Structure formats: structure tokens, C-alpha cells
Amino acid sequence: MQLTVLGANGTYPTTGRPASGYLVSDGETNLWMDAGPGTYLALCNELDPMEIDAVFLSHRHADHCSDFFALYHAAVYGPGRRDRIPVVCPEGVAEALAVFLQHPAALDATFEFLTAGDGDSIRLGSMDVSMVRTNHPPPTLAPRVSVGDRSVTYTADTGPSDAVASHAAGSDLLLADATMTGTRGPGSYPHHMTGAEAGSMAARAGVRRLVLTHIPAHEDPGRILAEAEAEFDGRVALAVSGARMTV
């Protein structure tokens with residue numbers, strides 16, 4: 001199984017750095033996991049978008065789903081039209097996309113939306129995907145993608161969460177929200193993690209490898225990396241656009 005980072009910026013893209021988006025492939029199934037702005041073009045550098053077998057959208061915030069519209073237009077109007085593409089997402093996402101597109105018949109003919117919730121599991125091609133609700137509004141799901149005895153857990157957007165840590169237990173790779181630096185204060189935003197909190201989650205989950213993502217352009221990634229390494233004894237790396245990791 002291979003994880004390719006299409007983009008890893010938190011909140012908004014910058015030049016050469018798309019927002020959140022990842023491609024998980026195992027030679028049989030291609031799963032596009034989150035579709036933040038800039039990630040569709042990054043995806044095109046990896047494969048023909050019509051080779052995507054399924055899409056996972058963790059929640060409806062634009063920095064995680066807005067490039068779905070590019071896939072929609074390519075599938076509906078491009079030359080490579082194909083059977084309906086499954087889209088796994090939490091409640092409210094399909095409705096929000098439909099309101100924006102205002103073409104429900106074309107949307108339904110092109111995509112099969114599969115609304116999932118806390119504790120649900122689904123088979124997508126050769127991949128098993130299980131999900132838990134994260135500590136983040138609106139409804140947000142963290143997927144664990146497994147092929148055989150290998151697994152990748154993506155926290156999506158979340159603050160500290162025992163549920164997500166338990167969900168990630170024993171994963172080969174934890175792709176973790178690490179949006180903030182420093183010590184959490186009483187007024188800090190509770191629904192994203194610091195580098196230290198991401199490291200602590202990886203340690204509690206007993207994962208083999210930690211990759212830090214969703215780092216905004218205005219934060220210092222080196223500092224976030226150091227904070228995570230102080231809490232986790234395993235391998236730690238920053239998610240960088242274009243990086244490919246074998247799991």
C-alpha cells in the first residue's frame with residue numbers, strides 16, 4: 001500500500017502547497033482521501049482522475065472538499081465518463097455539494113454517496129475502511145484504511161481524542177492533524193491538535209510511524225515536528241506535497 005501526499009496545508013493552499021488531500025493505492029484500488037483546493041491538479045500528476053475507484057471526504061469544510069467540484073466536472077463533461085464513483089462522507093456533505101452544484105440528476109448519475117457515521121465500516125475495492133467521529137465540528141470522520149495486515153489511519157481534523165487514538169491503535173502509519181504549536185492555553189481552539197498532542201496520540205496508539213499534516217503556512221513546521229518528536233519515540237515526518245510513502 002502506498003500513501004501519496006497531494007497536499008498538506010492547513011486551512012488554505014499556498015503556491016506549490018495544496019490543502020489537505022491524499023491518494024492511497026495498493027495496485028488494485030485508488031482511494032482519493034480528502035479533496036482540498038489544489039489537490040485535483042496534484043492528483044492528475046499521479047494518475048488519470050477517472051482511475052479513481054472511490055473518494056473519502058472527511059467533512060464539509062472547503063479546505064477538505066472543494067476540489068471535488070473539479071472531479072465532478074471532469075467526470076460529467078470529460079471524455080472519460082465511467083460508472084458511478086462511490087463517495088464516502090459524513091452527514092451533511094452530499095447535501096452541501098448538491099446545493100452548490102444545483103444539478104442533482106447529474107450528481108446522482110455520476111457519484112454514489114455513501115453517508116457514514118461513527119463506528120461504521122465499508123469495503124472499497126480491495127480496501128477495508130473503518131471510521132470514527134473526531135473532535136471537530138461539523139461532523140468529521142477519521143478513516144482507518146486497511147489492506148491485509150497493513151493500515152493507515154488519518155485523523156482528519158480533530159482536537160485531542162481518545163476515540164481517534166483507540167481507532168489508530170497499532171496502525172503502521174498515523175497521518176495526524178498538527179495544526180498548532182506551543183502549549184495549549186484555556187483560550188486555544190480545541191478542535192485541532194498541536195504537534196505535541198499529535199505525538200502523544202501516536203505514542204498512546206502504539207503506531208509505527210507518524211506523519212504530521214494540516215500545518216498552516218503561517219506556522220513553523222520545524223517547531224511542530226520537534227514538539228511531536230518529544231512525545232513520540234518512533235519515526236516522525238512532515239507531510240510534504242508529492243511525498244510517497246510505502247506502508
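Student: Which residues are linked by ring pairs into a cluster?
Tutor: Please keep in mind that the model we are looking at is a predicted one. A pair of aromatic rings is described by the distance of the centres and the angle of the planes. In this model, ring pairs join three residues into a cluster, namely Phe68, Phe111 and Phe113.

Student: Is the pair of Phe68 and Phe111 stacked, edge-to-face or tilted?
Tutor: The ring centres of Phe68 and Phe111 are 4.7 Å apart, and their planes stand at 50 degrees. Planes under 30 degrees apart would count as stacked and planes over 60 as edge-to-face.

Student: How many residues apart in the chain are Phe68 and Phe111?
Tutor: Phe68 belongs to helix α3, which covers residues 68-77, while Phe111 belongs to strand β6, which covers residues 111-115. The pair therefore links distant parts of the chain, and the separation between Phe68 and Phe111 is 43 residues.

Student: Are Phe68 and Phe111 buried or exposed?
Tutor: A residue counts as buried when its relative accessible area is under 20%. Phe68 has a value of 1%, and Phe111 has a value of 0%. Both Phe68 and Phe111 are therefore buried.

Student: How many aromatic pairs does a search of the whole structure find, and what is the angle between the planes of Trp32 and Tyr40?
Tutor: The search of the whole structure gives 6 aromatic pairs. One of them is the tilted pair of Trp32 and Tyr40, whose centres are 6.4 Å apart and whose planes make an angle of 45 degrees.

Student: What are the relative accessibilities of Trp32 and Tyr40?
Tutor: Trp32 is a buried residue, with a relative accessible area of 0%. Tyr40 also counts as buried, and its relative accessibility is 14%.

Student: How many salt bridges does the structure hold?
Tutor: Side chains of opposite charge can pair when their charged atoms come close. Among such pairs here is that of Asp128 and Arg123, whose closest N and O atoms are 2.8 Å apart. For the structure as a whole, the number of salt bridges is 8.

Student: Where in the chain do Asp108 and Arg84 lie?
Tutor: The side chains of Asp108 and Arg84 meet in a salt bridge, with 3.4 Å from N to O. Asp108 is partly exposed at 48%, and Arg84 is partly exposed at 38%. Asp108 lies in helix α5, residues 104-110, whereas Arg84 is placed in the loop between α3 and β5.

Student: Which helices hold Arg204 and Asp162?
Tutor: The salt bridge between Arg204 and Asp162 has an N to O distance of 3.0 Å. Arg204 is partly exposed at 47%, while Asp162 is exposed at 57%. The pair ties together parts that are 42 residues apart in sequence, because Arg204 lies in helix α7 and Asp162 lies in helix α6.

Notes:
Residues are numbered from 1 along each chain as its sequence is written. This is a predicted model: local features need pLDDT of at least 70, side-chain atom pairs count only at pLDDT 80 or more; totals for chains, interfaces and linings use all residues. Side-chain values use heavy atoms; hydrogens and water are left out. Rings of Phe, Tyr and Trp (its six-membered ring) pair if their centres lie within 6.5 Å; planes under 30 degrees apart count as stacked, over 60 as edge-to-face and the rest as tilted. Buried means under 20% relative accessible area, exposed over 50%, partly exposed in between (1.4 Å probe, protein chains only). Helices (H or I, at least four residues) and strands (E, at least two) are DSSP runs, numbered from the N terminus. A salt bridge is a side-chain nitrogen of Lys or Arg within 4 Å of a carboxyl oxygen of Asp or Glu.
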